[in-house]
Amino acid sequence: MEENSLEKLILLVKKEIENLPPKCKKTFVLSKQEGLTNIEIAEYLNISIKSVEAHITKAFSILRKTLGNKTNGVLFLLFR
């Protein structure tokens with residue numbers, strides 16, 4: 001994959017993250033970009049751990065749907 005097309009793909013992923021529902025986006029960003037654990041996120045947002053898990057699962061589901069399977073590798077690279 002060319003560097004240019006990888007950059008475009010990363011920008012596309014970031015744009016789609018911005019389009020997530022607010023609670024999904026907040027939870028996803030805290031987990032994947034800030035590196036907080038589900039327990040830390042639950043305490044920070046004052047929600048249950050199950051809610052945190054549901055938001056993250058929903059976020060990945062939405063991203064896969066909007067971006068297609070070709071982005072799974074990019075999602076993995078960006079958010080390990």
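I began with the largest nonpolar core, which holds 15 residues, and noted that I17, L20, F28, V52 and L63 have the most contacts inside it. I take such a core as a set of buried Ala, Val, Leu, Ile, Met, Phe, Trp, Tyr and Cys residues joined through side-chain atoms within 4.5 Å. The model is predicted, with local features needing pLDDT of at least 70 and side-chain atom pairs counting only at pLDDT 80 or more, while totals for chains, interfaces and linings use all residues. Residues are numbered from 1 along each chain as its sequence is written, and side-chain values use heavy atoms, leaving out hydrogens and water.

Next I looked up which elements give two or more residues to this core, and found α1 (3-18), α2, α3 and α4 (49-67) (helices are DSSP runs of H or I, at least four residues, numbered from the N terminus). Of these, α4 gives the most, with six residues.

I then turned to helix α2 (residues 22-32) and helix α3 (residues 38-45), whose axes come within 10 Å and cross at roughly 135° (axes are lines fitted to C-alpha atoms over the stretch in contact, with angles from 0 to 180 degrees between N-to-C directions). On the α2 side the contact is made by K26, T27, L30 and S31, and on the α3 side by I41, Y44 and L45 (contact means heavy atoms within 4.5 Å).

Last, I checked T27, which lies in helix α2 and counts as buried because its relative accessibility is 0% (buried means under 20% relative accessible area, with a 1.4 Å probe and protein chains only). Leaving aside neighbours within four places in sequence, I listed I41, L45, V52, H55 and I56 as the contacts of T27.

Note on methods: Buried < 20%, exposed > 50% of the residue type's maximum accessible area, 1.4 Å probe, protein only.
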